Amino acid sequence: MIYNKVWGCYKIKMKNWQNRLYKTLKNDGIKLFSYVPDAGHKILIDNATKDNSVIAIPLTSEEEGIGIAAGSYLGGSKAVLLMQSSGVGNCINQLSLIKHGQFPFLTIITMRGDFGEGNPWQFAMGEAVIPTLNSMGVSCIKIEKKEDVESTIKAALTMVFKSERSVAVLLSQKLIGAKIF
Amino acid sequence: MVLLDRKKAIPILIGDNKRFLIISGLAGPAKDIGFLTKESPNTFLFGGAMGGALPTSLGLALSRPNDRVLCVSGDGDILMSMGCLATIATIKPKNLIIICVDNALYLETGGQTSHTGLGVNLDMIAKGCGFPITKTIITEQELLEGKKILDNFSGPAFILLKVNKSSPPKYSRNWNASEEKLKFRKNLIN
């Protein structure tokens, strides 16, 4: 019940910018949307799943999304990995492929253990997201306001697919709201 | 039971490697494939990021639906990314064939027994994940049957190639993944 109530709030607040975010990714030619489900990514995942012109790939663990992005680039397509901050820890060794091979890599991460977090389990990984990603050569750009979403994603797409960098866009709990416990 | 020798079995099973885009897992299979293709531009060999060969071959297969993608990897590498068998079986790319070179041990690190040497059957796991085609190859007759799977486009297929403990061929490879990436892409895209 509480979850549904919270999701109701999410839906009203997020629908517009999340739909725009999907369009921005699609217009840039992203073909593969790998994801481990997360409430904050729900609209993006729903959009990708319903759209026959892209491929939505549910993962068992976030690290699969790293190889999928690299393989997709080898074949000439663009991919994005959608995950929650806790999934970053699962990715670390696989990021060797991105860093050593200098593959372009884009991930969009919904934060936990961040602004207003009520589950103490989330802080350990949440606070480790930026240092661990940076140590594996992934630049992090954090978004806190919905009016910054589109321009930030466009900037990240340019950095990744024109300059062949690896970039994580972090969606703060200030932006997506903290889950209520 | 007399098991097959990887140095003989892998070239027979693959046949003309130019038919495929090949992703090889790290360690033994990278030597098998490097030796076979001499790292021709249809080949990308892992040298680390253990567990990465399966998802990379999935990304490549989805990106190149008109090419056949072959993932050749060891039992250790595939055990580390078993979840990706579930992911591949869910997406079902027709153009993806996985060959697991299963010697039931970690040859690279001193020959420790792997889980497949302790009873884990990756063919049954792939089947349970929903792979439409799986095949275990133990005998020479089965090797010839397995060859036919590689002639088709009706994957995803999972081939468990049981081999003895002998070493892969000696091969001095390029360890620079960035160079290999550029070579692979240039061949496909330019």
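Mentor: Let's begin with the chain as a whole. In chain B, among contacts between residues at least 6 apart in sequence, 74% join residues at least 24 apart (a contact means that two C-beta atoms, placed from the backbone, lie within 7 Å). Bear in mind that this is a predicted model: local features need pLDDT of at least 70, side-chain atom pairs count only at pLDDT 80 or more, and totals for chains, interfaces and linings use all residues. Residues are numbered from 1 along each chain as its sequence is written, while chains are lettered from A and ligands numbered from 1 in the order in which they are written.

Chain B has eight helices and eight strands (DSSP runs numbered from the N terminus, with H or I over at least four residues for helices and E over at least two for strands). Its radius of gyration is 15 Å, close to the 16 Å that the globule rule gives for 190 residues, so chain B is as compact as a globular protein of that length. That radius is taken over C-alpha atoms, and the rule is 2.2 Å times the number of residues to the power 0.38. Along the principal axes, the C-alpha atoms of chain B fill a box of roughly 50 × 35 × 30 Å. Of its 190 residues, 49% count as buried (20 or more other C-beta atoms within 10 Å of a residue's own, again placed from the backbone; 12 or fewer is exposed, in between is partly exposed).

Now the sheet. Six strands of chain B make an open sheet in the order β2-β1-β3-β4-β8-β7, with parallel pairing (strands pair if DSSP finds at least two bridges between them). At the edges are β2 (43–45) and β7 (133–137) of chain B, each pairing on one side only. On average, neighbouring strands are turned by 15° against each other, direction ignored (axes are lines fitted to C-alpha atoms, for helices over the stretch in contact, and angles run from 0 to 180 degrees between N-to-C directions).

The part I'd zoom in on is β4(B), residues 96–102. On one side, six bridges join β4(B) to β3(B), residues 68–74, in parallel. There, B:V69 stands opposite B:L96, and B:L70 faces B:I97. Another six bridges tie β4(B) to β8(B), residues 157–162, which also runs parallel to it; in that pairing, B:I98 has B:F158 as its bridge partner.

How well covered is β4(B)? Seven of its seven residues are buried. In a regular strand the side chains alternate between the two faces of the sheet. Here, B:L96, B:I98, B:C100 and B:D102 sit on one side, B:I97, B:I99 and B:V101 on the other, and all of them are buried.

α3(B) touches β1 (20–24), β3 and β4 of chain B, and its direction makes about 180° with that of β3(B). As for burial, 11 of the 11 residues of α3(B) are buried, including B:L54, B:L58, B:L60 and B:L62 but also B:T56, B:S57 and B:S63.

In total, 28 residues of chain B are in contact with 29 residues of chain A. The elements giving two or more residues to this side of chain B are α3 (53–63), α5 (82–91) and α8 (177–189), and α3(B) supplies the largest share, eight residues. By class, that side has 14 nonpolar, 11 polar and three charged residues (nonpolar is Ala, Val, Leu, Ile, Met, Phe, Trp, Tyr, Cys and Pro, charged is Asp, Glu, Lys and Arg, and polar is the others, Gly among them).
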